[in-house]
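Take a moment to look over the fold before reading on. Then follow the text with the model open beside you.

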Amino acid sequence: MNLKRIIMICLAAAIATIGVRAQEISFSVEKIWDNGMHNAFTSIEKFKGEYYITFREGETHIFDKNGNAEGKIRILHSKDGQKWEALPAIGKAGYDLRDPKFSTTPDGRLMVIIGGSIYRDKVLVGSQPHVMFSSDGRNFTTPQPVNIDERYRTERDWLWRVTWHNGVGYTVSYGRNEQGQTPLYLYSTTDGINYKHIKSFEIDNFPNEATIRFLKDGRMAIIVRREQGDKESVWAASEAPYTNWEWKKMGTFLGGPDFIVLDDEHIVAGGRTLLGANAKTSLFLGNKDGRFEQTLVLPSGGDTSYPGFLVVGDELWVSYYSMHDSTNASIHLAKIPLKVFGK
């Protein structure tokens, strides 16, 4: 399980165009969880001095051997980022719990927002986002359904990730309404349970997974995955009250997108990219104007992606999942010097 590799990389010449000098730098990648199950869709957080990684655990990407979709949420914790211990898996009967994403609430609790898919005879018939909380990082509340503004609620709502800013949490939801449309909505919350509509987005080609972060100048920025057409992910930023957006194509598909703002000129984004016939988990360096260039391709392949980012000292830690070194999806942690990204 604790297979660690030190990898030497030569930064591509393209990176120099956004201010990073090509050089040889080493970074480590360690497989931190492989229990023979399909482990996927990661998130990483530091909480009360310890490190936490969460992900979905199931027999396969969706269905078990009996045709049921009942994924559970697994949480690992570590005091040093080297030795990881697992909490008991958390499930809910009748739901496939997926895409757990950490955040820390303004009142100091560790929060996990979770997608809850409902299947009947292997057919997706609905989804209900859930949330759970912990005050100590060990004991979590039972996953409970969230309350979404009833004017915009759909039969398949999915709150992708919650980001807190000045005491308010923000998230983008995608779903499917009765007309078969796939709307994308911006919501806010003050308690992690109740979500109020702010803005409806008009983005073509099936927009879905989206991550919100805040720039150093106070603007909200969003990266959105697009599933059809040219499949290029899009970027936009807006000042409060977050109702005026101009979307810009990023030049690449990003599945399971996340990003972290180091400063306005150093923003690291990541997700699944398609390189030829093989999917990879890749990292991109960009800036506040939404211009991104590929920086690294992490050791990855097969069913892979859904990175999480955390700055620890002079390193960027990246959690992700991949099947490149086993027959099942397992959890990996890369530790990359910030100087790779010009910091």
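The largest pocket is lined by 24 residues. Leu124, Trp158, Tyr174, Phe206 and Glu209 lie nearest its centre. This is a predicted model, in which local features need pLDDT of at least 70 and side-chain atom pairs count only at pLDDT 80 or more, while totals for chains, interfaces and linings use all residues. Residues are numbered from 1 along each chain as its sequence is written, and side-chain values use heavy atoms, with hydrogens and water left out.

What is a pocket here? Work on a 1 Å grid over the protein atoms alone. A pocket is an open set of points with protein on both sides within 12 Å along at least five of seven lines, and a lining residue has an atom within 4 Å of a point. A cavity, by contrast, is a set of points where a 1.4 Å probe fits but cannot get out.

The largest pocket has a volume of about 520 Å³. Volume means the space filled by probe spheres set on the grid points, which are joined across faces, edges and corners. Four strands each supply at least two lining residues: β7 (96–104), β8 (110–120), β9 (123–127) and β18 (207–214). Strands are DSSP runs of E with at least two residues, numbered from the N terminus. The lining of the largest pocket divides into nine nonpolar, six polar and nine charged residues. Ala, Val, Leu, Ile, Met, Phe, Trp, Tyr, Cys and Pro count as nonpolar, Asp, Glu, Lys and Arg as charged, and the others, Gly among them, as polar.

Now move to the second largest pocket, with a volume of about 430 Å³. Its lining has 20 residues, and Glu45, Thr163, Trp164, Arg213 and Ile260 lie nearest the centre. Two or more residues each come from β3 (38–47), β7, β14 (163–165), β18, β22 (255–263) and β26 (305–312). The largest share, four residues, belongs to β22. By class, this second lining holds ten nonpolar, five polar and five charged residues.

Strand β18 also belongs to a sheet. Four strands form this open sheet, in the order β18-β19-β20-β21, with antiparallel pairing. Two strands pair if DSSP finds at least two bridges between them.

Follow the pairs across. β18 and β19 pair over six bridges. Five residues lie between these strands in their hairpin, where glycine 218 takes a positive phi near 95°. On the next side, β19 (220–226) pairs with β20 (234–238) over five bridges. Find isoleucine 223 in β19: threonine 211 is its bridge partner. Isoleucine 223 also stands opposite tryptophan 235 in β20. Methionine 220 faces serine 238, again in β20.

Is β19 enclosed or open? Seven of its seven residues are buried, so the strand is largely enclosed by the rest of the structure. Buried means under 20% relative accessible area, exposed means over 50%, and partly exposed lies in between (1.4 Å probe, protein chains only). In a regular strand the side chains alternate between the two faces of the sheet. Both faces of β19 are covered, with Met220, Ile222, Val224 and Arg226 on one side and Ala221, Ile223 and Arg225 on the other.

Next, histidine 130. It lies in strand β10 (130–134). Histidine 130 counts as buried, at 0% relative accessibility. Its side chain has a polar contact of 3.0 Å with the side chain of lysine 92. A polar contact is a pair of N or O atoms within 3.5 Å; within protein, one must be able to donate a hydrogen and the other to accept it, and residues adjacent in sequence count only if both atoms are side-chain atoms. The histidine 130 side chain also reaches the backbone oxygen of glutamine 128 at 2.7 Å.

Histidine 197 sits in β17 (194–201). Histidine 197 is buried too, with a relative accessible area of 13%. Its side chain makes a polar contact with the side chain of serine 200 at 2.9 Å, and reaches the backbone oxygen of lysine 199 at 3.4 Å.

Finish in a loop. Glutamate 59 lies between β4 (50–58) and β5 (72–78). Glutamate 59 is partly exposed, with a relative accessible area of 36%. Its side chain reaches the backbone nitrogen of lysine 65 at 2.9 Å.
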